[in-house]
Amino acid sequence: MNIDKFKHQHIEILTCIATLRDLVKSGIRDNAADISRMIIGMSSTIKLHLAVEDTILYPALQATKNPALARMGKRFQDEMTSIAQAYLDFARRWNTPATVSGNPEQFRADANSVLKVLYERMRKEDTDFYPVIEAS
């Protein structure tokens, strides 16, 4: 299975996270418009990524003749449910400049929590999941 598109989307998302981190360090209130714009853009990529995983990747793994790979795919899919929901909730809360600038410390805490989990998950997919898929 070719998963290059998934890998490319991870790079896009990780780049967005790094940009958000830089914007936050430079000042949340001063960069609220750019922060909210970045969240909206990143959300589009994440939603597309999740949709393709759910409609193509995970069903393909369930249909494989490799039971270990099917189980691994199911485990990763199940784990992603709460991570995806947490991110989507975060994106809905912080998608306007007024909301971001109105409570910068809550934004910082929320971003640190949610984006750390998302970052760690993508790294886990890149190192533990995708290599197994590519080797099968």
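View 1. Searching the whole structure turns up 1 cavity of 30 Å³ or more; a cavity is a set of points on a 1 Å grid over the protein atoms alone where a 1.4 Å probe fits but cannot get out, and lining residues have an atom within 4 Å of a point. Look for His10, Ile13, Ile46 and His49 among the lining residues.

**View 2. The largest pocket.** A pocket is an open set of points with protein on both sides within 12 Å along at least five of seven lines. Here the volume of the largest pocket is about 210 Å³. Helix H1 (4-26) and helix H5 (104-135) are the elements that give two or more residues to this lining, and H5 gives the most, 7 residues. Ile17, Phe107 and Tyr119 are among the residues that line the largest pocket.

**View 3. Thr45 in its setting.** You will find Thr45 in helix H2 (residues 32-62). Thr45 is buried, at 15% relative accessible area (buried means under 20%, with a 1.4 Å probe and protein chains only). Leaving out residues up to four places away in sequence, Thr45 touches Gln9, Glu12 and Ile13 (contact means heavy atoms within 4.5 Å).

**Notes.** Residues are numbered from 1 along each chain as its sequence is written, and side-chain values use heavy atoms, without hydrogens and water. In this predicted model, local features need pLDDT of at least 70 and side-chain atom pairs count only at pLDDT 80 or more, while totals for chains, interfaces and linings use all residues.

Methods: Grid points are joined across faces, edges and corners, and a volume is the space filled by probe spheres set on the points. Helices (H or I, at least four residues) and strands (E, at least two) are DSSP runs, numbered from the N terminus. Buried means under 20% relative accessible area, exposed over 50%, partly exposed in between (1.4 Å probe, protein chains only).
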